[in-house]
Every structure is written in C-alpha cells, then in structure tokens.
Amino acid sequence: MSTSVKRVYCYLAEFESASALYKAAQKVRDAGFSKWDCYTPYPMHGLDAAMGLKRSILPYFVFFGGVIGLLTAFLLAYVTQVGIYPTVVQGKPANIFTVPAFFPIMFELTVLFSGFTALFACLGLCQLPRWNHPLFASRQAHRITDDGFFIAIEARDPKFSKEGTKGFLGGIGGDNIELVEEDGK
Amino acid sequence: MADTATKTTSEAPAPREVKLPVLEREKLVLNKRSYHWITERVCGVVENKQPMVWWALFIPTILMAIIGVGGGLIYLVTTGVGVWGNTNRVMWGWPIVNFVFWIGIGHAGTLISAILFLTRQNWRTSINRAAEAMTIFAVICAGIFPAFHVGRVWMAWYLAPIPNANAVWQNFKSPLLWDVFAVSTYFSISLVFWFLGMVPDLATIRDRCKRGVKKALYGIFSLGWRGSNRHWSHYEMAYLILAALSTPLVLSVHSVVSFDFATSIVPGWHTTIFPPYFVAGAIFGGFAMVLTIMIPARFFYGLDDMITMKHIDNMAKIILLTGTIVGYAYLMELFVAFYSGAKYEMAAFTYRITGPYWWAYVAMMSCNVLSPQLFWFKRCRENLWVVMGVCMAVNAGMWFERFVIIVTTLARDFMPANWKYYNPSWVDIGLFLGTIGLFTSLFLLFLRFLPCINIAEVKWAKQESDVHFDDKKAHPDEGTVVEASYQHELDNGTAEV
C-alpha cells in the first residue's frame with residue numbers, strides 16, 4: 001500500500017481580468033507575503049511593480065558576457081595575427097595599428113557571447129529547464145498558458161495558513177480557489 | 001479675456017457640448033477575439049489536420065530540395081566545382097549571387113523582431129514568429145553556397161579559427177573571414193531569439209496535449225515554462241537585450257557582406273555606398289518574402305483577425321520606403337561613377353546598362369524601383385493580388401540586383417582578353433531551385449509543428465491586456481477623462497501617488 005502523503009504546495013486563485021489581477025497583486029504585496037507569484041498568459045507590464053519585484057539583474061550577466069566576447073575576439077585576432085604568426089597582407093601592419101581591421105570580428109563575438117549569456121542567464125535566473133513542478137498538479141494550471149490569470153501563495157510563505165490564506169484570496173476577488181498539493185515523501 | 005471677446009461678438013455660436021476627439025488606435029486583433037480564441041486558432045494550425053494545399057506544396061518542394069540540393073551537392077562534390085558555370089573571370093557567379101540573395105531575405109525576420117520591438121511597433125507581434133523562422137531557413141539556404149564554393153568542401157573547416165597542420169592562422173583582416181563570423185553569429189543569435197520567443201507558446205501547446213510523445217517533446221522544448229511573473233520579468237529583460245543586440249547585428253551582417261565587394265578594387269564594387277545600400281535592399285527583399293509567405297498562410301489557416309490588413313498595409317509601406325531607398329542607391333551609384341571621373345568606373349556602369357546584360361539591369365530597375373511605387377496608392381495596398389504581384393516582382397528583382405552586381409562586374413574587368421559572357425550550368429540552376437524547395441518545405445514544416453504566430457505577444461497586444469483597462473472601461477470615453485483628471489491632479493500636486 002502506498003504511504004505517500006500529499007504536501008500542500010500553494011493556494012491558487014483565479015482572477016477575471018488583467019486589471020483584477022493587478023489590483024489583487026498589490027493587495028497580496030501589501031499584506032506582506034513573500035513566497036507567492038502571479039501566473040499570466042502573456043508578459044503583463046506593470047505587474048512587477050504591483051508584486052514589488054525589483055528590476056531583473058540579468059543585464060549585469062550580459063555585460064560580463066559581452067566583455068568576455070570582446071576580449072576573446074581581440075586576443076584571438078591579435079595574438080594569432082601579430083604574435084604567433086605575423087601576417088603582412090592587405091597593406092596592413094602586423095602591430096597594434098592593425099587592430100581596426102579586427103573591429104568587425106570583435107563586434108560579432110561581443111554580440112554572440114552576450115546573446116548566449118542572455119539566454120543562459122535567463123534560464124538560470126528562472127531555474128529552468130525544469131520539466132516538472134508542483135503547480136502542474138493543479139487542475140487549472142493548463143489555463144495559465146491559455147487565458148487564465150492566477151495568483152499562487154505558496155505554503156512555504158511564513159504568513160501562509162490553510163484557512164486564513166484561502167479567505168484572504170477570496171477577499172481580494174479570487175475565484176476557483178484551489179489547494180494544490182504535491183506528492184510528498 | 002476670452003469671455004469678454006465672445007460676448008462682444010454679436011454672432012457668437014451658442015455654447016454646446018464639446019466632444020473631445022478620441023484618437024482610437026487601430027486594433028491589432030479584430031472582431032474582439034478572446035484570449036482563448038487566439039490560443040485555439042494558432043494551436044489549431046499545429047493540432048488540426050493540414051489542409052490539402054499543405055501537402056500539395058510540401059511534396060513538390062521537398063522533392064525539389066532533395067533532388068536540387070541533395071542530388072546537386074552530391075554531384076558537385078563527387079565531380080568538382082567545375083560543374084558550375086563559374087569561369088576564370090566570373091569566379092563568383094550564381095553561387096555567390098544566391099548566397100547574397102538568401103542572406104538578404106534573412107534580414108526581415110530579425111528586423112521585425114528586434115528593430116520594430118525596440119521602436120514599440122506593436123503590430124509586429126503577429127508576424128514576427130514567421131518572419132524569424134524565415135530568417136533561420138533563409139540563412140540555412142545561404143550557408144550552403146559559400147561552404148561549397150570554397151571548392152573542396154572537406155577543407156571548409158579551415159575557415160574556423162582553430163590551428164591547422166600548417167600552423168597558419170586565418171586572416172582576420174579579410175572581409176571574407178568577417179563574413180564567416182557575421183553570418184554564423186547572425187544565425188546563432190537569430191536562433192536563440194526565435195527559440196526564446198517561442199518557449200511560452202510551446203508551453204501553450206504542451207498544456208493542450210494529451211499524454212504521449214507529443215506532449216513529452218513539447219514539454220522538453222518548452223523547458224517547463226509555467227507563465228510565472230517572476231519568470232516573465234527575467235524573460236522580458238532577456239528579450240529586450242536580445243533585441244538590442246540584434247539591431248546592430250542585423251545591420252552589420254549585410255554591411256559585412258557588402259565589404260566583400262566594397263573593399264576590393266574592382267570597378268563597380270569599390271564604392272562606399274554599398275553597406276547602407278545592401279542593408280536597405282536586404283530589408284526590402286526580406287519584407288517582400290514575408291508577405292509572399294504570410295498572405296497565403298493567412299488565407300489558408302484563417303488568421304485574418306490576427307494578421308490584419310493593417311499589417312499588410314504597414315509592410316507594403318516599408319517595401320515602398322526601402323524600395324525607394326534602393327532606387328536612390330542605384331541612381332547614386334551611377335552619379336558617383338560619373339562624378340568620379342574614373343574611366344574604368346564609368347565604363348563598368350555603362351557596360352551594366354548597355355552591355356549584353358542589359359536585360360538584368362532592366363529587370364532589376366523595373367522590379368525593385370518601379371513596381372513598389374504602386375504602393376503609394378491605398379487601393380493597391382488593399383488589393384492582395386497587387387500586393388502579392390509586387391512582392392513576387394521584388395523577390396525576382398532582388399535576385400537580379402545581385403546578379404547585376406556580381407556577374408556584370410566580373411564579366412568585364414581591366415583586361416579585355418578576359419571578357420566573356422557568363423552562362424550558368426544546369427547544376428547552378430538545380431541548386432538554386434533546390435534551395436527554393438528547401439526554404440519552402442522547411443517553412444511548411446514550421447507551420448505544421450510550431451506555433452506560427454506569437455500567441456503570448458498577440459494576447460499582450462489586445463487592449464484589455466493593459467492592467468489599467470478596467471479603470472478606463474468604467475467611463476464612456478474609455479479613460480480619457482480619468483487620465484486627464486489624474487494628469488491635472490499630478491500637475492497640481494494633489495494626486496495620490
């Protein structure tokens with residue numbers, strides 16, 4: 001006989017429109033919850049502020065990725081053309097003054113490295129890929145990527161309580177409030 | 001003051017209610033379609049049985065690809081590049097014409113995704129996915145030609161910056177090597193951009209699938225996306241940065257391609273106008289190809305409410321603008337050749353227009369400069385047959401432009417003893433037709449398996465997606481009064497912030 005216990009993951013509540021979700025998010029933020037999230041079918045502008053999220057730190061990663069790309073291109077071209085195997089072609093010298101001829105490659109590798117850093121930093125910050133998630137156990141989670149606007153308050157939030165949170169979500173206009181449980185060990 | 005002035009005027013009109021003009025934005029999703037309708041319609045393209053026309057196009061094009069590209073390349077590699085029509089003088093010939101043609105088509109995708117994103121042109125949302133896919137496929141077609149044009153394709157790895165047996169490194173000062181970096185970077189970044197943009201939509205398809213292999217595959221490629229706003233926040237930032245990176249990238253790629261020509265001392269190529277002229281031409285040709293593909297797709301899959309006449313109108317205007325820029329560049333080239341006083345330069349251009357390749361010049365001028373002028377007229381932009389006709393003309397015209405630049409210039413250089421009329425071989429023609437088949441069949445596979453419209457962004461572009469939409473809806477004029485009074489309060493410092 002299976003002895004698995006269900007562990008509560010979150011309360012999931014649906015809101016009828018973008019505006020309703022926006023207002024509700026402000027209330028959840030002001031109520032002092034920290035482990036919670038909004039789920040929307042499209043990127044909703046303004047919701048970050050309503051949730052009290054800070055600006056993404058992604059650009060810092062990309063900056064360093066770009067710098068590494070620039071240095072890689074410079075060293076690759078300079079060391080090989082001037083250091084290891086000086087080639088005097090196209091009337092260009094084999095010294096520091098030949099560097100402008102490397103600009104296109106320096107530009108391209110800067111973009112290449114920055115672009116891949118943006119991708120991987122985004123995945124890292126989102127902790128993706130992750131093919132399973134407790135939320136997928138919800139019977140209405142599939143509507144997030146269709147037309148549903150949801151707020152989930154997670155059980156690991158210190159202010160979470162099984163009764164209180166449900167009432168709170170109902171009070172701020174949530175519908176179809178669902179207790180999402182994951183298989184515990 | 002104003003009051004007294006009004007009173008003194010004897011025939012002052014009676015005060016009446018002033019109705020403020022409300023400038024409505026043209027809607028990007030017509031007929032008040034719901035979010036669910038958008039999901040259904042776009043996913044339906046993937047989930048439903050394909051229309052007969054899909055098979056009617058796919059079977060011939062995949063055969064063209066297999067025979068033209070597959071067979072052509074096998075014959076080429078096993079026999080040698082001599083089977084091409086390239087001659088001692090016209091050493092670039094059709095292969096490089098085709099390369100520049102395809103790489104040019106690949107420009108509209110990233111332009112639509114990146115530049116129109118940065119300039120907040122929200123109409124891009126319903127066409128950017130297909131345009132990006134087109135970019136990827138066009139660059140694949142383009143890449144075939146230079147890779148095999150090196151002669152011994154098994155030596156193509158010499159282009160990669162890795163030490164080889166002779167310890168000779170690549171010449172990083174050469175525009176040809178810049179091209180390797182530019183095109184491969186462009187392909188990689190376009191792929192990243194395309195994929196990242198597709199992740200939320202792949203999740204939509206995943207959530208609609210029943211259990212099985214299909215669900216597992218969409219699940220893997222959607223990376224476990226679950227629409228969390230904490231994710232959207234990073235995602236939007238990554239997308240913005242990729243757009244900002246791609247904007248100079250897209251301009252750089254065709255500039256670098258033009259350097260292949262412009263840095264040489266061949267009369268007719270050695271001009272500073274080449275980079276902007278090539279970039280404008282690429283955008284021009286790319287948009288024509290987007291319309292060529294999207295108008296039938298819109299018709300057969302019933303996407304009219306998302307790809308509206310407004311979109312087609314906008315793209316037609318861009319074609320008109322860039323086509324006119326290209327026309328300006330053609331004329332400016334002639335003027336500069338005349339003004340330079342260099343007799344070889346003048347001879348090259350006289351030869352282009354009056355020489356044995358005059359037909360290519362006429363085709364280029366009439367297709368690229370004259371035919372888009374129809375788009376000055378609204379009636380032409382609204383008639384899809386005219387739009388399709390012009391786009392087809394532009395597609396052909398852009399190929400002729402590259403032919404004019406490459407073949408007519410090379411066919412006659414400084415040494416009259418080298419002058420010879422260039423003819424393509426049947427392998428040239430087969431390979432080119434093969435790439436058309438490859439491009440079309442890849443695009444049809446894309447329509448079959450991937451969301452062809454950016455579902456999330458089209459939803460975002462709807463008016464009710466604005467978080468303040470309800471506040472506006474509470475008033476009959478949809479919010480102008482609320483906003484105006486709020487602005488008034490802000491000005492007076494009485495607003496609650």
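In the predicted model, helix 10 of chain B has 28 residues and spans 40 Å from its first C-alpha to its last, close to the 40 Å expected at 1.5 Å a residue. Of these 28 residues, 20 are buried, so helix 10 of chain B is largely enclosed by the rest of the structure. Just after the helix, Gly302(B) adopts a positive phi of about 65 degrees.

Helix 10 (residues 274-301) of chain B packs against helix 15 (residues 384-411) of chain B. Their axes come within 9 Å and cross at roughly 140 degrees. That angle makes helix 10 of chain B oblique to helix 15 of chain B, since only angles over 145 degrees count as roughly antiparallel. The crossing of the two helices is left-handed. From helix 10 of chain B, the contact residues include Gly281(B), Phe284(B), Gly285(B) and Ala288(B). Among those they meet in helix 15 of chain B are Leu384(B), Val387(B), Met388(B) and Glu401(B). By class, this contact has 12 nonpolar, 4 polar and 1 charged residues.

Chain B as a whole has 19 helices and 0 strands. Of its 497 residues, 46% count as buried. Among contacts in chain B with a separation of 6 or more, 80% join residues 24 or more positions apart.

Chain B also touches chain A. The contact involves 59 residues of chain B and 60 residues of chain A. On the chain B side, helices 2, 7, 8, 9, 17 and 18 each supply at least two residues. The largest share, 16 residues, comes from helix 9 of chain B. By class, the side of chain B that touches chain A has 30 nonpolar, 18 polar and 11 charged residues.

Two loop residues of chain B stand out by backbone geometry. Most residues other than glycine have a negative phi. Arg120(B), which is not a glycine, has a positive phi near 60 degrees. Arg120(B) lies in the loop between helix 5 (107-118) and helix 6 (128-149) of chain B. Arg120(B) is exposed, with 7 other C-beta atoms within 10 Å. Leu223(B) likewise has a positive phi, of about 60 degrees. Leu223(B) is placed in the loop between helix 8 and helix 9 of chain B. With 20 C-beta neighbours inside 10 Å, Leu223(B) counts as buried.

In chain A, helix 3 (residues 58-84) and helix 4 (residues 103-126) form another helix pair. Their axes come within 7 Å and cross at roughly 145 degrees. The crossing of helix 3 of chain A with helix 4 of chain A is right-handed. Helix 3 of chain A contributes residues including Leu58(A), Phe61(A), Gly65(A), Gly66(A) and Gly69(A). Helix 4 of chain A contributes, among others, Ile105(A), Met106(A), Leu109(A) and Phe113(A). The residues of this contact divide into 17 nonpolar, 7 polar and no charged.

The loop between helix 4 and strand 3 of chain A holds Pro129(A). The peptide bond from Leu128(A) to Pro129(A) is cis, with omega near 0 degrees. Strand 3 (residues 149-154) of chain A contains Glu154(A). Glu154(A) is buried, with 20 other C-beta atoms within 10 Å. Leaving aside residues up to four places away in sequence, Glu154(A) touches Tyr9(A), Cys10(A), Lys35(A), Trp36(A) and Phe160(A). Glu154(A) and Trp36(A) are 118 residues apart in sequence, yet their C-alpha atoms are 5.6 Å apart in space.

Key:
Residues numbered from 1 in each chain as written. Chains lettered and ligands numbered in written order. Predicted model: local features only at pLDDT ≥ 70, side-chain atom pairs only at ≥ 80, totals over all residues. Axes fitted to C-alpha atoms, helices over the stretch in contact; angles between N-to-C directions. Helix = DSSP H or I, 4+ residues; strand = E, 2+ residues; numbered from the N terminus. Parallel < 35°, antiparallel > 145°, perpendicular 65-115°, else oblique. Left-handed = near helix turned anticlockwise from the far one by under 90°. Contact = placed C-beta atoms within 7 Å. Nonpolar A, V, L, I, M, F, W, Y, C, P; charged D, E, K, R; others polar. Buried ≥ 20, exposed ≤ 12 C-beta atoms within 10 Å, placed from the backbone. Expected span 1.5 Å × (residues − 1).
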